[in-house]
Amino acid sequence: MPEGPEIETETLTEKIHEQVEHEGGALLKRIALSTALFAALAAIAALKAGATVNEALVLKTEATRLQAEASDQWAYYQAKGLKAAVASAARSAWTAIGKEPPPAYQDEVKRYEAEQKEIQAAAREKEKERDEKDKEAAVLLARHHAFALCVALFQVSIALGAVAALTRNRLVWYGSLGVGLVRKHVE
């Protein structure tokens, strides 16, 4: 009976480790490459998300300014209406005492009413511009949310890639690839 094993276990163990390293090394390289790609795509999506939200905020600010201007126009419209009412009341006072009112009162009422029409048109134009800016901002915010979702999906994909590298599990890596590729359908 031989004292040592018939099969050289040391060389067999080394060969098994070499084979695992060789096969695992190729898998790790693939995982590293896909994870790096997802990290780059996440950075691009994050930049686009930031850019779209900034643009949306500028448009929202512009819409707020236009709303303030429209409100100012409507206040001016009301002021002209009050002046017309005062002129009309003064004219009525003359009529109430049985005297002919000076024609200036009627002219003032007509002038104020004409000015009101111009002011009303300006206010409505400001409101129209405001609505356009609001709609544009809403579109950009929706795009921002899509980019933000892409960033989140890429981050999950990167995390799954790290788990796949640590466990050398192809199934987890395939999951990482699947999550990373889902983002194409989100945009």
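This is a predicted model: local features need pLDDT of at least 70, side-chain atom pairs count only at pLDDT 80 or more; totals for chains, interfaces and linings use all residues.
Let me first set out the chain as a whole. The secondary structure comes to three helices and zero strands, and if you read the elements from the N terminus on, they run α-α-α. Of the 187 residues in the chain, buried residues make up 22%. The accessible surface comes to about 12700 Å², and 61% of that surface belongs to carbon and sulfur atoms. If we take the contacts between residues at least 6 apart in sequence, 79% of them join residues at least 24 apart.

Now back to Thr-35. Is this residue buried or exposed? Thr-35 has a relative accessibility of 17% and therefore counts as buried, since the cut-off for buried is under 20%. When residues up to four places away in sequence are not counted, Thr-35 touches Ile-158 and Gly-161.

A second residue to look at in helix H1 is Ala-87. Ala-87 is buried, with a relative accessible area of 3%. Which residues does Ala-87 touch, if we leave out those up to four places away in sequence? The answer is Tyr-105, Glu-108 and Val-109.

Next comes helix H2, which covers residues 103-167. With 65 residues at 1.5 Å a residue, helix H2 should span 96 Å, and because its end C-alpha atoms are 96 Å apart, the model agrees with that expectation. Just after H2, please notice Arg-168, which takes a positive phi of about 50°.

I turn now to the aromatic rings. A pair of aromatic rings is described by two things, namely the distance of the centres and the angle of the planes. The count here comes to three aromatic pairs. One of them is formed by Trp-74 and Tyr-77, whose ring centres are 5.3 Å apart and whose planes stand at 75°, so this pair is edge-to-face; the cut-off for that description is an angle over 60 degrees. Where do these two residues sit relative to each other in the helix? They are three residues apart in helix H1, which covers residues 9-96, and therefore about one helical turn separates Trp-74 from Tyr-77. An α-helix has 3.6 residues a turn, so residues three or four places apart point the same way. As for accessibility, Trp-74 is partly exposed at 22%, and Tyr-77 is partly exposed too, at 24%.

The last topic is charge. Side chains of opposite charge can pair when their charged atoms come close. How many salt bridges does the count come to? It comes to seven salt bridges, and I will go through some of them.

Let us begin with Arg-65, which takes part in a salt bridge with Glu-62, where the closest N and O atoms are 2.3 Å apart. Arg-65 also meets Glu-69 in a salt bridge, at 2.2 Å from N to O. Glu-62 and Arg-65 are three residues apart in helix H1, so about one helical turn lies between them, while Glu-69 and Arg-65 are four residues apart in that helix and are likewise separated by about one helical turn. Glu-62 is partly exposed, with a relative accessible area of 27%, Arg-65 counts as partly exposed at 36%, and Glu-69 counts as partly exposed at 24%.

In helix H2, Arg-111 and Glu-115 are four residues apart, and so they too are separated by about one helical turn. These two form a salt bridge in which the closest N and O atoms are 3.6 Å apart. Arg-111 is partly exposed, with a relative accessible area of 42%, and Glu-115, at 22% relative accessibility, also counts as partly exposed.

Notes:
Residues are numbered from 1 along each chain as its sequence is written. Side-chain values use heavy atoms; hydrogens and water are left out. Rings of Phe, Tyr and Trp (its six-membered ring) pair if their centres lie within 6.5 Å; planes under 30 degrees apart count as stacked, over 60 as edge-to-face and the rest as tilted. Buried means under 20% relative accessible area, exposed over 50%, partly exposed in between (1.4 Å probe, protein chains only). Contact means heavy atoms within 4.5 Å. Accessible areas come from the Shrake-Rupley method with a 1.4 Å probe; for residues, only the protein chains shown count as cover. The expected span of a helix is 1.5 Å times one less than its number of residues. A salt bridge is a side-chain nitrogen of Lys or Arg within 4 Å of a carboxyl oxygen of Asp or Glu.
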